[in-house]
Amino acid sequence: MNLLKARYAIKTDLPQINRLIELAVMNWPMAHRVKRRATPVLQYDETDLEFLKVHVATIKGEIVGVAA
């Protein structure tokens with residue numbers, strides 16, 4: 001059974017998307033202070049959804065991947 005689904009992101013997905021980005025950045029092999037400073041710059045907001053095609057991958061409704 002295929003549990004992985006893909007769809008366009010919507011505004012209410014932003015907190016989950018940004019949390020996923022934060023988790024990924026915090027696993028980068030570099031100084032913690034650099035990761036903390038880089039995270040907000042890499043996260044998305046509502047304006048990004050207007051100008052980018054943002055897709056999310058979900059499993060059982062939970063966002064497990066994002067591509068823009």
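Which residues does Ile63 touch, not counting residues up to four places away in sequence? The list is Asp13, Gln16, Ile17, Leu20, Val56, Ala57 and Thr58. This is a predicted model. Ile63 also belongs to the largest nonpolar core, which has seven residues in all.

**The nonpolar core**

- The largest nonpolar core is made up of Ala9, Ile17, Ile21, Val25, Val54, Val56 and Ile63.
- Helix 1, residues 14-25, gives the most to this core, with three residues.

**How the strands pair**

- Strand 1 covers residues 4-8 and runs antiparallel to strand 2. Five bridges join strand 1 to strand 2.
- Strand 2 also pairs with strand 3, residues 62-67. This pairing is antiparallel too, over five bridges.
- Strand 2 and strand 3 form a hairpin. Two residues sit between them.
- Lys60 lies in the turn of that hairpin. Lys60 has a positive phi of about 55 degrees.
- Val56 stands opposite Val66 in strand 3.

**Thr58, between two partners**

- Thr58 has its place in strand 2, residues 55-59.
- Is Thr58 buried or exposed? Thr58 counts as buried because its relative accessibility is 7%, and buried means under 20%.
- Leaving aside neighbours within four places in sequence, Thr58 is in contact with Leu3, Leu4, Lys5, Arg7, Ile63 and Val64.
- Arg7, one of those contacts, also forms a salt bridge with Asp13.

**Salt bridges**

- Side chains of opposite charge can pair when their charged atoms come close.
- How many salt bridges are counted here? The count comes to two.
- One links Arg7 with Asp13. Their closest N and O atoms are 2.7 Å apart.
- Arg7 is partly exposed, with a relative accessible area of 33%. Asp13 counts as buried, at 5% relative accessibility.
- Arg19 and Glu22 are three residues apart in helix 1, so about one helical turn separates them.
- Arg19 is partly exposed, with a relative accessible area of 44%. Glu22 is partly exposed, with a relative accessible area of 28%.

**The nonpolar surface patch**

- Trp28, Met30, Val34, Val41 and Leu42 form a nonpolar patch on the surface.
- Together these residues have about 440 Å² of accessible area.
- Where is Trp28 found? Trp28 is in the loop between helix 1 and helix 2, the latter being 32-42.
- Trp28 is partly exposed, with a relative accessible area of 34%.

- Ala67 lies in strand 3. Ala67 counts as partly exposed, at 42% relative accessibility.
- Not counting residues up to four places away in sequence, Ala67 touches Lys53, Val54 and His55.
- Ala67 and Ala57 are 10 residues apart in sequence. In space they are 8.5 Å apart, C-alpha to C-alpha.
- Thr47 lies in helix 3, residues 46-51. Thr47 is partly exposed, with a relative accessible area of 43%.
- Thr47 and Lys11 are 36 residues apart along the chain. Their C-alpha atoms are separated by 9.7 Å.

Terms used: Residues are numbered from 1 along each chain as its sequence is written. This is a predicted model: local features need pLDDT of at least 70, side-chain atom pairs count only at pLDDT 80 or more; totals for chains, interfaces and linings use all residues. Side-chain values use heavy atoms; hydrogens and water are left out. A nonpolar core is a set of buried Ala, Val, Leu, Ile, Met, Phe, Trp, Tyr and Cys residues joined through side-chain atoms within 4.5 Å. Buried means under 20% relative accessible area, exposed over 50%, partly exposed in between (1.4 Å probe, protein chains only). Helices (H or I, at least four residues) and strands (E, at least two) are DSSP runs, numbered from the N terminus. Contact means heavy atoms within 4.5 Å. Patches are made of residues with over 30% relative accessible area and no salt bridge: like charges are joined within 9 Å, nonpolar side chains (Val, Leu, Ile, Met, Phe, Trp, Tyr) within 5 Å. Accessible areas come from the Shrake-Rupley method with a 1.4 Å probe; for residues, only the protein chains shown count as cover. A salt bridge is a side-chain nitrogen of Lys or Arg within 4 Å of a carboxyl oxygen of Asp or Glu. Two strands pair if DSSP finds at least two bridges between them.
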